[in-house]
Amino acid sequence: MTDCRNSRAELLQRAGRQLALDDPESTADLVERFSRDTHEEVRHRAATDPRLSPVSAVRLLNDPRRSVRHAAATHPRLPARTLIRLLRDTATADSAAQNPALPVAVMHCMLDSAAAGPASPRGR
């Protein structure tokens, strides 16, 4: 019975941390702290918060959990240089392409490449 109560208490605490991030009055310091939380769901939620610093968004790109890395790759405060590096990596390109801060020039290059279609094989 004690284990069940402990699990329930932890679940409620985790939910409380996630809800704190939804509060517009929460501080950037709180978001930074939650970006280092032990629970994936809390780090994931912090990775989507616009108050998260660019440095922490870059740090979360190396999180052990894929969902947190994906959320960090879409963070609008990622430095453009980091975002472009992510676009060049097949493991992160899809997530980075969803970033709302994608530079317009990069978007145009992506659209031009898509319109050109796959490259034709050499020697044909």
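Guide: One term comes first: buried means under 20% relative accessible area, and exposed means over 50%. The model shown is predicted.

Visitor: Is Ser56 buried or exposed?
Guide: Ser56 sits in helix α4. Its relative accessible area is 4%. The cut-off for buried is under 20%. Ser56 is therefore buried.

Visitor: Which residues does Ser56 touch, not counting residues up to four places away in sequence?
Guide: Ser56 belongs to α4. Leaving out residues up to four places away in sequence, the residues that Ser56 touches are Glu32 and Ser35.

Visitor: How many helices and strands are in the chain?
Guide: Read along the sequence, the pattern is α-α-α-α-α-α-α-α. The count is eight helices and zero strands.

Visitor: What percentage of the residues in the chain is buried?
Guide: The chain has 124 residues. It exposes about 8500 Å², and carbon and sulfur atoms supply 55% of that area. The buried share of the residues is 31%.

Visitor: Among contacts between residues at least 6 apart in sequence, what share joins residues at least 24 apart?
Guide: Take the contacts in the chain between residues at least 6 apart. Those joining residues at least 24 apart make up 36%.

Visitor: What does Leu61 touch, not counting residues up to four places away in sequence?
Guide: Leaving out residues up to four places away in sequence, its partners are Arg69, Ala72, Ala73, Leu78, Thr82, Arg85 and Leu86.

Visitor: Which elements are included in what covers the buried residues of α5?
Guide: The buried residues in α5 are Val68, Ala71, Ala72 and Ala73. Their cover includes α3, α4, α6 and α7 (93-97).

Visitor: Are α3 and α5 roughly parallel or roughly antiparallel to each other?
Guide: Two packed helices are described by the angle between their axes and the distance between the axes. The axes of α3 and α5 come within 8 Å and cross at roughly 5 degrees. Angles under 35 degrees count as roughly parallel. The two helices α3 and α5 are therefore roughly parallel.

Visitor: By class, which residues make up the contact of α3 with α5?
Guide: From α3 come Glu40, Arg43, His44 and Ala47. From α5 come Ser67, Val68, Ala71 and Ala72. By class, the contact has four nonpolar, two polar and two charged residues.

Visitor: Is Asn62 buried or exposed?
Guide: Asn62 lies in the loop between α4 and α5. Asn62 and Ala72 are ten residues apart in sequence, with 9.1 Å between their C-alpha atoms. The relative accessibility of Asn62 is 66%. The cut-off for exposed is over 50%, so Asn62 counts as exposed.

Visitor: Which residues does Gln98 touch, not counting residues up to four places away in sequence?
Guide: Gln98 is in the loop between α7 and α8 (104-116). Leaving out residues up to four places away in sequence, Gln98 touches His70 and Thr74.

Visitor: How far apart in space are Pro100 and His75, C-alpha to C-alpha?
Guide: Pro100 is also placed in the loop between α7 and α8. Pro100 is exposed, with a relative accessible area of 63%. Not counting residues up to four places away in sequence, Pro100 touches Thr74 and Pro76. Pro100 and His75 are 25 residues apart in sequence, and their C-alpha distance is 7.7 Å.

Definitions and conventions: Residues numbered from 1 in each chain as written. Predicted model: local features only at pLDDT ≥ 70, side-chain atom pairs only at ≥ 80, totals over all residues. Heavy atoms only, no water. Contact = heavy atoms within 4.5 Å. Helix = DSSP H or I, 4+ residues; strand = E, 2+ residues; numbered from the N terminus. Buried < 20%, exposed > 50% of the residue type's maximum accessible area, 1.4 Å probe, protein only. Areas by Shrake-Rupley, 256 points an atom, 1.4 Å probe, with all protein chains shown as cover. Axes fitted to C-alpha atoms, helices over the stretch in contact; angles between N-to-C directions. Parallel < 35°, antiparallel > 145°, perpendicular 65-115°, else oblique. Nonpolar A, V, L, I, M, F, W, Y, C, P; charged D, E, K, R; others polar.
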